[in-house]
Amino acid sequence: MDISEVAKQAGLPASTLRFYEEKGLIQSVGRSGLRRQFSPQVLDRLALIALGRSAGFSLEEIRSMLGDSGRPTIDRQALHDKADELDRTLRQLTAMRDGLRHAAECSAPSHLECPTFRRLMGLAVADVARRPRRRGQALR
């Protein structure tokens with residue numbers, strides 16, 4: 001399959017396929033003229049990459065799980081760890097959603113007088129403080 005057919009079937013731009021190949025996530029099997037050629041199995045790898053991205057895995061984590069042999073070597077503990085991380089995120093998002101709904105309907109004269117809204121602000125500050133930052137990066 002040439003790169004345009006893979007792009008069409010996978011719903012990805014060719015630039016993404018070239019990027020994935022550069023990162024070692026997929027491999028072309030040759031060229032026809034200037035066009036990269038891929039085996040049909042590349043579509044399965046692209047589906048696994050999409051699944052990994054949807055679950056929040058980095059491309060490096062996905063690459064290590066895809067393995068070099070063409071068969072995935074998925075670390076089950078990494079899946080458990082990611083599921084735990086998603087559970088924490090769900091709890092935080094649920095608390096944020098509930099707090100926002102409360103703030104929208106709160107009868108306090110000012111949101112700053114509402115204990116629920118103040119707790120929501122505290123959660124937001126804690127979340128920002130927990131995020132990893134690169135050196136020299138300001139809090140956002």
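Axes are lines fitted to C-alpha atoms, for helices over the stretch in contact, and angles between N-to-C directions run from 0 to 180 degrees. Helices are DSSP runs (H or I, at least four residues), numbered from the N terminus. The model is predicted: local features need pLDDT of at least 70, side-chain atom pairs count only at pLDDT 80 or more, and totals for chains, interfaces and linings use all residues. Residues are numbered from 1 along each chain as its sequence is written, and side-chain values use heavy atoms, without hydrogens and water.

Helix 1 (residues 3–10) packs on helix 3 (residues 42–55) at an angle of about 45 degrees. Their axes lie 11 Å apart. That angle makes helix 1 oblique to helix 3 (angles under 35 degrees count as roughly parallel, over 145 as roughly antiparallel, 65 to 115 as roughly perpendicular and the rest as oblique). In helix 1, V6, Q9 and A10 meet V42, L43 and L46 of helix 3; contact means heavy atoms within 4.5 Å.

The largest nonpolar core has 17 residues. Such a core is a set of buried Ala, Val, Leu, Ile, Met, Phe, Trp, Tyr and Cys residues joined through side-chain atoms within 4.5 Å. L17, Y20, L25, I26, L46, I49 and I62 touch the most other members. Helix 4 gives the most to this core, with four residues. Beyond four places in sequence, L17 touches I3, V6, A7, L12, I26 and L46.

L66 is found in helix 4. Its relative accessibility is 3%, so L66 counts as buried (under 20% relative accessible area, 1.4 Å probe, protein chains only). The C-alpha atoms of L66 and I49 are separated by 8.5 Å.

Key
Helices (H or I, at least four residues) and strands (E, at least two) are DSSP runs, numbered from the N terminus. Buried means under 20% relative accessible area, exposed over 50%, partly exposed in between (1.4 Å probe, protein chains only).
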